Amino acid sequence: MVRHLEKEDNFGDWYLDIVEKANLSDKRYPIKGMNVWTPYGWKAMRNIDHFIRKELDATRHDEVCFPLMIPETEFKKEKDHIKGFDSEVYWVTHAGVNELDVRLVLRPTSETAMYPMFALWVRSHQDLPLKVYQIVNTFRYETKQTRAFMRVREIHFFESHTCHVSEEDAQRQIEEDVEILSKIAKRLCLPYFLSVRTDWDKFPGAYYTVGIDTVMPNGKSLQIGSIHHYRTNFSEPYEITYEDENGEHKHAHQTTYGMSERLLGAIIGIHSDDKGLIMPPDIAPFQAVIIPILSKDNGPLVTEAARALEAKLSEYGIRVKLDDRDARPGSKYYDWEIKGVPLRLELGGRDIENKVVTFARRDTGEKGTIEIENIGQGVELILRMISSSLLEKAQASQLSKLQEIDSLDEIPEGKVLRLGWCGCEECGHKFEDSFDLKILGNPYAKKEGYAGKCIICGKDTGMSVLAARTM
Ligand code: ZN
């Protein structure tokens, strides 16, 4: 079990190995950090996008598509925002041989592309709330080591942007975003936690930021998204105003919610094992693969039955693949295990006689049979069981990596820590710098109170924060 050791001890290399073997993305494109989506990887990402669209549409967001380039003049209007992105953006300086009068930036995110238009779209309180989203590529010049899906320079990105009449209404949007996230994450079998980021770590220009983090098997945290409340920080410079019932002009309150292809990175990191990927059924490009088990004398019969099975499952709405390549079943098993197909269906002469299909679960290896007559319902039921067991296992793993500490004498490795903090920046920076840990923030939903001491200065405090090494 050498590979198992690798996942535990050398997560970074193990992860890249899995991405490559499962052929999810091709990093040989001649720009570092800009990888090519392969058909298999893109199918999985599109399935993730499908659930994002479904939830956003259901909560009355409208999908839009804004231009990729943003004029420097618009990009610079919000001062903190430009400072925050200064070192990460790509500039377009020429059109043909002519130098541009106004340089153009490739969107690192789309606030500054959308808000000049929002200023034109929003006129009266009847135009609010304005709720739009887009799923597009964004560009950030990542200076750290790049890693497929987790740290790339061209990012497959989801972003929703909203405008509201008041801070309270914008706050209700944040609550709705949290609800939307919980539904999407369930489909992806992803556990996560929400932390209100520190002031020095919030989104440039935000009033506050809620980070969405999950824990990798090596105990490092991975940010998979964020939700921001802007108050009027952007609507003021961009002049997004509306006329209220009394004819008064007011600035809109705004929020955003963003997630990216890191969701796929998190899925790979959390669910895969030493044999390869394990795809959550809802996003698996193929939910089931059929392997015909042929013998010398029953070839045509089994092939025909396998085709009929494929048609029946497909008609039922299962994403199914018939592997009728001329290869040994064992080597086919191996290939689909690497690709993480949740359910393998084997069909041989004896199965046909008994009117059943033999199945094997990718996650647990459990085997059994399903009656052909009820194959659709049977497969659907097992897929649902795989989903819930993947989520439970991942939740238990996340829980096992959380640890409370009340002293700096011994900082455990490979854990997400909960500790007391007085809230002052000096203590926060001192903690982060001394231990190479990042304060993720204090829990967004504070159910139980905290009574402890700041781990740096020892002052009594009611605030606890989570801290971790980050991917
Ligand atoms: Zn302190």
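This briefing covers the zinc site, the nonpolar cores and selected salt bridges of the structure. The model is predicted, so local features need pLDDT of at least 70 and side-chain atom pairs count only at pLDDT 80 or more, while totals for chains, interfaces and linings use all residues. Residues are numbered from 1 along each chain as its sequence is written, and side-chain values use heavy atoms, with hydrogens and water left out.

**Zinc site**
- Cys422, Cys427, Cys454 and Cys457 coordinate the zinc ion through their SG atoms at 2.2 to 2.4 Å (donors are N, O and S atoms within 2.8 Å of the metal, or 3.2 Å for Na, K and Ca).
- The arrangement is tetrahedral because the four donor atoms subtend angles of 101 to 114 degrees (four donors count as tetrahedral if all angles lie between 85 and 135 degrees).
- Along the chain, the donors follow the spacing C-x4-C-x26-C-x2-C.
- Cysteine 422 lies in the loop between strand S21 (416-420) and helix H13 (425-435), and cysteine 457 in the loop between strands S23 (452-453) and S24 (460-461), so the pair ties together parts 35 residues apart in sequence (helices, H or I of at least four residues, and strands, E of at least two, are DSSP runs numbered from the N terminus).
- Cysteine 422 is partly exposed at 24% relative accessibility (buried means under 20% relative accessible area, exposed over 50%, and partly exposed in between, with a 1.4 Å probe and protein chains only).

**Nonpolar cores**
- The largest nonpolar core has 59 residues, of which Leu24, Ile48, Ile52, Leu190, Tyr257 and Ile268 touch the most other members (a core is a set of buried Ala, Val, Leu, Ile, Met, Phe, Trp, Tyr and Cys residues joined through side-chain atoms within 4.5 Å).
- Helix H3 (residues 39-58) gives the most to this core, with seven residues.
- Apart from this core lies another of 26 residues, among them Val64, Phe66, Ile82 and Tyr115.

**Salt bridges**
- The structure holds 31 salt bridges (a side-chain nitrogen of Lys or Arg within 4 Å of a carboxyl oxygen of Asp or Glu).
- Glutamate 167 and arginine 231 form a salt bridge with an N to O distance of 3.1 Å.
- Glutamate 167 lies in helix H7 (residues 167-187) and arginine 231 in strand S11 (residues 221-231), so this pair ties together parts 64 residues apart in sequence.
- Aspartate 169 forms a salt bridge with arginine 172, with the closest N and O atoms 3.2 Å apart.
- Aspartate 169 is buried at 17% relative accessibility, whereas arginine 172 is exposed at 53%.

Key. Tetrahedral: all angles 85-135°; square planar, octahedral: opposite > 155°, others 65-115°.
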